[in-house]
Every structure is written in structure tokens, then in C-alpha cells.
Amino acid sequence: MNIILTGVTGTLGSQILIQLLKQEKVKNCFLLVREKNGKTPQDRIQNIFHDIFQNDSNDEMRSKIKIFNSSDFFTPSYLTKTAINYFIHAAGYVNLSIDIREKAKIFEENLAFTKKIFQTFSPYLTKFIYISTAFSIGDVGGFIGNDFHNGITPKYRNFYEESKHQCEKYLLENEQQSNVSIQILRPSVLGGNISEEPKYFISKFMVYYLLGKFFYKSPLNGDIVRIVANFNTGLNIIPVDYVAHVISEAIHKNIAQLNITHSKCTGLIPGMTRIIETAGASNFTFVNSVDIQGQLRDKNRVEQFYYNSLGMHLNPYLVSAPYEYDTEVLESIVPMPSYNLVDYLEDTISYAKEKKFRNKRW
């Protein structure tokens with residue numbers, strides 16, 4: 001079988017590639033890779049092998065890789081309609097902005113690009129796997145199952161969630177007509193490796209890492225930062241290597257929708273406390289969102305900076321309703337690794353500090 005993969009230079013896509021190359025049934029991996037920062041597509045893939053695989057010697061795996069620029073990629077003469085071709089669309093534009101001026105770009109990068117890909121490649125495909133997000137349904141709270149299209153009313157927190165959910169809807173609506181099997185896989189917030197080496201490795205420090213980065217780099221000068229949060233909610237964080245392992249197995253199964261999430265949320269207050277303290281800060285406290293009306297008042301200088309930057313994007317998640325995911329199907333594919341959730345947050349932030357929160361430049 002052949003795999004066509006987008007997002008290969010991203011945090012998750014790179015890990016997916018490594019997992020797929022280990023599978024004997026995968027004969028070719030066709031990759032969309034652009035030149036970036038003066039590095040050729042070949043150089044960028046070489047760097048992925050070096051950083052994740054930690055060796056350059058596996059010629060058999062490397063021989064499966066076929067790299068294309070955008071023009072050649074979207075002229076799929078390299079595919080035949082008689083072959084088993086799986087498309088894994090792992091590329092995405094992660095932008096949690098709630099600024100209406102950002103909406104058009106977010107929808108262009110996510111929904112319009114997904115439509116272009118599906119319309120171009122569907123005549124050649126057996127299956128189309130869309131990597132969405134476990135938050136595409138929004139702030140619904142409660143016990144969340146795998147079917148996000150069963151009549152439930154979404155409550156989007158931002159345009160990113162809405163664009164991803166609309167991508168899912170578009171694909172499902174076109175499944176029967178295209179005669180292409182659609183599979184939607186939804187990872188939760190990604191953290192560093194839990195099993196694979198290098199331990200705690202992640203190529204891009206985002207989401208909860210940014211909270212650690214804020215307190216690691218911001219001069220607090222004695223000011224106490226008050227963080228508004230729902231004391232009853234939690235953080236759902238899942239190691240990136242586990243997600244990649246699940247995806248590499250799930251694509252071969254007859255599963256239409258699957259959330260790739262931890263079975264338990266980490267308590268928000270103990271989790272965030274460990275993140276901030278590991279980053280090296282102590283001048284912070286939490287305000288229960290149910291105890292205040294509207295926005296936090298009388299913000300000091302650092303609080304103003306926080307709520308006008310990171311807090312603007314993070315706050316809708318910190319005040320969300322408590323939730324938990326159904327992981328029964330997920331754990332039948334790959335059992336959930338066992339580890340202490342709060343200690344894991346500390347270890348991943350410690351790793352990020354060692355790297356000075358610098359993302360990999362593949």
C-alpha cells in the first residue's frame with residue numbers, strides 16, 4: 001500500500017512518518033515538503049531522521065520516501081487508481097485566535113486546503129484519514145464519545161475548532177459520492193514522548209508548554225499573576241509518540257471517528273501549578289472562574305500582558321466545563337501507557353527548559 005502524507009515536518013506528522021516506515025505493508029510514503037529557511041525538502045526530512053530516529057543508517061525505510069514540492073504533489077501522476085492509496089492529512093493551521101480578522105485565514109488554511117486536497121486526490125484513494133482535534137466540538141463538557149456528528153450542538157471556543165469541525169463535516173458529506181472511505185482521528189493536546197527515545201522529545205512547544213514559557217521568560221518583578229480557571233475542569237494531554245502509534249494502527253481498522261485522548265484529565269490546578277513552578281516561578285495564584293463575574297478586574301502590569309497575549313487564547317480552555325473522553329475503542333487499539341500525569345507535566349516542562357523552549361527548525 002501507499003501512503004500520501006501532509007504535515008510531515010510538523011510535531012505529529014513527523015512521528016507518524018517514522019511509525020509508518022516501520023510497517024512492512026507500507027511500500028511508499030509520498031510526502032508534501034516545502035523548502036523553508038534555506039533548507040531543501042530533502043534536508044528537512046534528513047533532519048527529522050536525525051532528531052527522531054537518531055540515526056541515518058536505515059536505508060530500507062528511507063527508500064520508501066518520495067518527496068514532492070507543492071506543484072508536483074498536486075499533479076498526482078505518481079499514483080495509480082488500481083493501487084491501495086491511503087491519504088493522511090496531518091497538516092493544519094493551529095491558530096487559537098478569537099479575532100474575527102483571523103477567521104478568513106484560518107478557514108483558508110484548514111477548510112479550503114482540505115477541500116483542495118480531497119478534490120484532487122479522491123479519484124486515486126481507497127481511504128482518506130483526516131487528523132482533526134479532540135476539541136473540534138468545542139466546550140460541550142461531560143462524557144464525550146467518538147461521534148461528533150450525531151446531532152450534538154457544538155460550542156466552538158475559537159475559529160480553529162470551528163474550521164476543523166467543518167472539515168470533518170465536509171469529508172463525511174462527500175464520502176458516499178466519492179467512494180472513498182473517510183476516517184477522522186482526533187488527538188488531544190500533544191505532549192512529549194512517553195515511550196520512544198529521546199524521552200519527552202517534542203519538536204514544537206505549544207499549548208501548555210507556552211504557559212511554562214511565559215513564566216520562564218517573563219520578568220515578574222514581584223507582581224503576582226492571577227490566573228482565572230474552572231477549578232473543576234482539567235487538562236487532557238496525550239504523549240505525541242502514543243498518538244502516532246495509535247494513528248499508524250488505526251488507519252488499518254474500520255473505525256470512522258476516534259478521539260485519541262487520555263482516559264483521565266489532569267486536574268487543572270495541580271497540573272498548572274506544577275507547570276509554572278517547574279518553569280521557575282512562584283508569584284502566581286488561581287481565581288475560580290465560577291466566583292467572579294466577567295473579566296478579572298484591576299490587573300497589574302504582568303497580568304495585562306498575560307491576558308493580552310497567551311491568556312487571550314488559553315483562557316477559554318481554562319474556564320471550560322469539566323469533561324472526560326470515552327477511550328474504550330482507543331485502548332482496544334493501543335493500551336494507554338501508565339504514568340503519573342502531574343509528574344509527566346513536570347518532566348516535559350523540564351525538557352523544554354533544557355531546550356530553552358526553542359522549537360526544532362526542520
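Where does Pro198 lie? In this predicted model, Pro198 is located in the loop that runs between β8 (189-191) and α8 (208-217). The peptide bond that joins Glu197 to Pro198 is cis, with omega at about -5 degrees. The loop between β8 and α8 also holds Tyr200. Tyr200 is not a glycine, yet its phi is positive, near 70 degrees. Most residues other than glycine have a negative phi, and most peptide bonds are trans.

A positive phi is also found at Lys356, where the value is about 55 degrees although the residue is not a glycine. Lys356 belongs to the segment after α14 (341-354). Its relative accessible area is 41%, and Lys356 is therefore classed as partly exposed.

In helix α9, which covers residues 240-250, nine of the eleven residues are buried, so the helix is largely enclosed by the rest of the structure. The buried residues of α9 are Val240, Asp241, Tyr242, Val243, Ala244, Val246, Ile247, Ser248 and Ala250.

Thr233 is found in the loop that links β9 (225-229) with β10 (234-235). With a relative accessible area of 6%, Thr233 is buried, since residues under 20% are classed in this way. When neighbours within four places in sequence are left aside, the contacts of Thr233 are Gly267, Leu268, Leu318, Ser320, Ala321, Pro322 and Tyr323.

Glu324 is part of strand β15, which spans residues 323-325. Its relative accessibility is 32%, so Glu324 counts as partly exposed. Apart from neighbours within four places in sequence, Glu324 is in contact with Gly142, Phe143, Ile144, Ser263 and Lys264. Between Glu324 and Trp362 there are 38 residues of separation in sequence, and the C-alpha to C-alpha distance is 35 Å.

The structure contains eleven salt bridges. One of them pairs Glu161 with Arg157, and the closest N and O atoms are 2.9 Å apart. Glu161 is buried, with a relative accessible area of 0%. Arg157 also counts as buried, at 13% relative accessibility.

Another salt bridge is formed by Asp223 and Arg301, with 3.8 Å between the closest N and O atoms. Asp223 is in the loop between α8 and β9, while Arg301 is in helix α11 (residues 301-307), so this pair ties together parts that lie 78 residues apart in sequence. Asp223 is partly exposed at 23% relative accessibility, and Arg301 is partly exposed at 47%.

A salt bridge also joins Asp343 to Arg274, and here the closest N and O atoms are 2.9 Å apart. Because Asp343 lies in helix α14 and Arg274 in helix α10 (residues 268-279), the pair ties together parts that are 69 residues apart in sequence. Asp343 is partly exposed, with a relative accessible area of 35%. Arg274 is likewise partly exposed, with a value of 25%. Arg274 and Asp343 are linked with Glu346 in a network of salt bridges.

Note on methods:
Residues are numbered from 1 along each chain as its sequence is written. This is a predicted model: local features need pLDDT of at least 70, side-chain atom pairs count only at pLDDT 80 or more; totals for chains, interfaces and linings use all residues. Side-chain values use heavy atoms; hydrogens and water are left out. Helices (H or I, at least four residues) and strands (E, at least two) are DSSP runs, numbered from the N terminus. Buried means under 20% relative accessible area, exposed over 50%, partly exposed in between (1.4 Å probe, protein chains only). Contact means heavy atoms within 4.5 Å. A salt bridge is a side-chain nitrogen of Lys or Arg within 4 Å of a carboxyl oxygen of Asp or Glu.
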